[in-house]
Amino acid sequence: MGAEPGPPEPAGSADESSALADQEVSAALPYSLADTPRQLPPPPHRFVNRTSELKAITDRVQTPQQDRAAVVVMSGLGGVGKTALALQWAHKHLSLFTGGQLYVDLAAYRRPNGVELAEVLGSFLRALGVSEDYIPISLPERAALFRTRTQARRLLIVIENAEQAAQVRPLIPGSQHSVVLVTSRHKLGGLITEGATFIAVSPLGPSDSTLLVAQMLPVRAGAPEPTAVKELAQLCGGLPIALCIAGAQLAQHRTWSVPRLVRYLNDDHRRLDRLSVDGETGLRRMFDAVYADLPPAAQRMYRLAALHPGRDFAVGIAAAAANTSPDATDDILAILSDANLVEELYEERYRFHDLVRLHAHQTAFRDESGDELDAATRRMISWYFDRTAAADRAILGDGRWRISSYKPISNFEETDPAEPMKWLEVEQTNLVRAVRIAWELEDFEQVWAFCEFLWAYYHSHKVYPDWVETHQLGVQAASKCGNRVAEAKIRNQLARAYIELRDFDSAATQLNAADELATDDLWSQAVVSESLGLLYREQELFDESAEKLKRARVLNEKLGSARGVAIQSYQLGDVLVRAGKASDGLHLLVEALQVARRIEDELSAARVGIAMGRAYEKLDQWNAAQEILDRTAATMRERRQPVKEAQALELLLVVARHGDDRGQFHNYAERLLQLYETTGNPRSTTIRSWLDDEDRWVSA
């Protein structure tokens with residue numbers, strides 16, 4: 001950590017400024033310069049990083065406000081290192097504060113009726129050399145005297161464990177050259193009127209946590225295993241107090257290795273209790289005390305939101321967990337956020353710190369009945385189910401064939417066509433966990449319907465591990481329900497993942513099973529026939545592929561599905577183009593595009609556009625190719641379909657290269673690189689090499 005610049009000094013040297021200030025004080029105040037308080041506790045024994053937080057304090061101090069002391073509020077979880085941060089900065093800059101340093105832990109002055117601020121001010125005034133006879137009795141008079149007596153001093157004041165802005169205001173000195181560092185588990189937003197700067201102190205990151213653990217390890221023969229040290233840091237969740245306790249435990253149990261301590265702390269049910277030393281207050285008691293101070297509604301939200309299957313959550317799911325309105329939930333989460341029990345990631349999205357979530361989860365099982373725990377969990381899974389169903393309808397429209405008769409209650413704003421896909425992207429991992437929990441709750445109808453509604457996301461975003469996992473459960477769930485049509489459809493969707501993974505044997509297994517289940521249902525026969533056509537296409541069995549796709553189109557015509565006819569015409573046209581029959585394929589693709597536009601299926605129309613671009617390229621119709629592909633890429637970007645947008649851009653690179661247009665090639669390649677890196681496409685290295693060496697672009 002590099003040296004930080006200190007606060008600006010008055011004109012002249014530091015010694016001269018100090019001497020002048022001291023002369024003024026001696027002449028004006030009834031105490032001597034021998035009464036210079038030095039109350040700071042010692043600096044932290046071990047300290048890592050916090051570079052940005054230290055700089056933020058310095059930046060505030062270097063920007064003095066007229067007639068006002070600099071106030072910096074550091075808020076965060078108990079044990080996150082707020083005090084260490086304040087003392088680290090304070091000791092590094094002691095020489096700046098010639099008037100001395102005052103320190104108070106307000107927890108020591110906390111009484112049933114509040115903090116005894118008059119006593120705090122009395123102790124400050126005494127430390128400043130004010131005679132007991134001159135100290136007033138009332139709080140307002142003591143505060144006024146404190147401001148007067150500090151007017152000409154350069155003071156540093158450290159205030160710990162403030163709970164309210166009102167507990168800090170009387171303790172702010174009268175000198176604009178003074179600094180007040182406040183630590184709190186609450187954000188103390190009310191101090192904005194005092195010009196305060198607010199610093200959120202978060203748990204340490206993995207590398208800093210590992211470094212802190214390594215610093216605390218007792219000196220023993222042999223170096224500790226790096227993997228075990230990293231695991232220990234993870235178990236402590238980056239919370240310095242937990243990391244320090246873990247280090248103390250290793251010092252106490254001299255025969256324990258780091259892997260032994262990791263095994264000891266790896267039990268989620270006992271970790272909070274085991275993170276204590278010699279019976280001193282451990283993490284559980286610390287979290288219990290914070291929890292006890294919450295109002296009942298916030299306590300209940302704290303318990304039930306911890307049942308959420310993922311790490312971060314939206315206001316809507318928290319409202320479902322506690323069965324409260326969104327507005328009430330907003331207010332309650334604000335209380336938890338102010339207490340630093342949840343962190344607001346961005347608007348309307350929160351998360352627990354790992355150890356706090358563990359405490360909240362255990363508190364839920366301690367204080368809630370089994371029935372309420374089950375009900376809260378089911379409400380959350382139902383909320384996810386409803387939103388997923390709404391996203392499916394918003395993306396694919398009402399014309400899609402669906403087996404589930406469920407009609408979603410929620411909806412997405414029509415003004416932003418990308419919103420449903422954005423929501424699915426954000427909730428991706430939570431939705432996988434929701435499907436697992438629905439399976440564990442034996443709500444098998446919900447499991448397979450979840451898979452049906454997730455098709456829009458997996459088909460466009462290619463998250464194959466999640467796609468396969470959820471759909472394997474979906475196949476079993478539909479089978480348990482005895483729903484042959486649902487089982488056929490979910491097997492078909494699972495087969496599509498296997499086709500794209502080029503696991504053709506697994507795809508064929510699923511499609512053959514689906515085909516047997518589909519004998520009495522035309523819709524099922526149509527989708528299975530389509531997927532068989534795509535399987536054959538990927539195996540370059542173009543005649544067999546065309547046969548299956550023609551059958552799928554005939555079935556959709558019988559069913560009166562204009563959307564199905566458009567899709568099958570598109571798939572069949574694409575196969576003909578790949579088979580070297582670009583002219584025949586283009587004819588079908590034009591028909592498909594007309595149908596898709598007539599039924600206002602913008603997404604299907606854009607998919608057809610990709611195949612048309614390929615056909616035009618094969619036919620050397622470059623202008624037509626660029627026109628349709630530019631339009632398609634724009635639509636796919638607007639609808640958050642990164643894989644399809646990339647496919648359009650890949651063809652546009654060919655068009656730009658043919659036209660010898662380096663500028664367009666560069667623009668397309670930059671956007672394609674962005675998409676490849678976002679989606680993890682291994683070809684990103686190739687695209688980057690083109691951009692780094694423009695002479696290579698002609699061989700792209």
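Trainee: What percentage of the 700 residues in the chain is buried?

Mentor: Buried residues make up 53% of the 700. Buried means under 20% relative accessible area, exposed over 50%, and partly exposed in between, with a 1.4 Å probe and protein chains only. Note that this is a predicted model: local features need pLDDT of at least 70, side-chain atom pairs count only at pLDDT 80 or more, and totals for chains, interfaces and linings use all residues. Residues are numbered from 1 along each chain as its sequence is written, and side-chain values use heavy atoms, with hydrogens and water left out.

Trainee: What pLDDT does the chain average?

Mentor: pLDDT is the predictor's confidence in each residue, from 0 to 100. The chain averages 85, and 90% of the residues score at least 70.

Trainee: Over which residues does pLDDT stay under 50?

Mentor: Over residues 1-34. For that stretch the model has 50 contacts beyond four places in sequence. Contact means heavy atoms within 4.5 Å. Among the elements of the chain, helix α1 (residues 14-28) has the lowest mean pLDDT, 38. Helix α19 (residues 444-453) has the highest, 98.

Trainee: How many helices and strands does the chain have?

Mentor: Helices (H or I, at least four residues) and strands (E, at least two) are DSSP runs, numbered from the N terminus. Here they come to 32 helices and 10 strands. The C-alpha atoms fill a box of roughly 105 × 65 × 55 Å along the principal axes. Among contacts between residues at least 6 apart in sequence, 68% join residues at least 24 apart.

Trainee: What is the strand order in the open sheet of five strands?

Mentor: Start with pairing: two strands pair if DSSP finds at least two bridges between them. The order is β2-β5-β6-β1-β7, with parallel pairing. β2 (101-105) and β7 (197-200) are the edge strands, each pairing on one side only. Neighbouring strands are turned by 15 degrees against each other on average, direction ignored.

Trainee: How many bridges join β2 to β5?

Mentor: Five bridges join β2 to β5 (residues 156-160), and the two strands run parallel. Axes are lines fitted to C-alpha atoms, for helices over the stretch in contact, and angles run from 0 to 180 degrees between N-to-C directions.

Trainee: Which strands does helix α2 lie across?

Mentor: Helix α2 (residues 51-61) lies across β1 (70-75), β6 (179-184) and β7. Against β1, α2 runs at about 160 degrees.

Trainee: Is the pairing in the sheet of three strands parallel or antiparallel?

Mentor: Antiparallel, in an open sheet with the order β8-β10-β9. The edges are β8 (312-314) and β9 (342-346), each pairing on one side only. The twist averages 35 degrees from one strand to the next. Three bridges join β8 to β10 (residues 349-352), with D312 opposite R351 in β10. β9 and β10 pair over four bridges, with V342 opposite F352 in β10.

Trainee: What is the phi of E348 in the hairpin of β9 and β10?

Mentor: E348 takes a positive phi near 65 degrees. That hairpin has two residues between the strands.

Trainee: At what angle do α16 and α17 pack?

Mentor: Two packed helices are described by the angle between their axes and the distance between the axes. Helix α16 (residues 370-396) and helix α17 (residues 419-426) pack at about 140 degrees, with axes 9 Å apart. That makes α16 oblique to α17. Angles under 35 degrees count as roughly parallel, over 145 as roughly antiparallel, 65 to 115 as roughly perpendicular and the rest as oblique. The crossing is left-handed. A crossing is left-handed if the near helix is turned anticlockwise from the far one by less than a right angle, and right-handed if clockwise. The α16 side includes W383, Y384 and R387, and the α17 side includes P420, M421 and W423.

Trainee: Why does T470 count as buried?

Mentor: Because its relative accessibility is 1%. T470 is placed in helix α21 (residues 464-481). Leaving out residues up to four places away in sequence, T470 touches V432, V435, C451 and Y458.

Trainee: What is the relative accessible area of L588?

Mentor: It is 11%, so L588 is buried. L588 is placed in helix α27 (residues 582-598).
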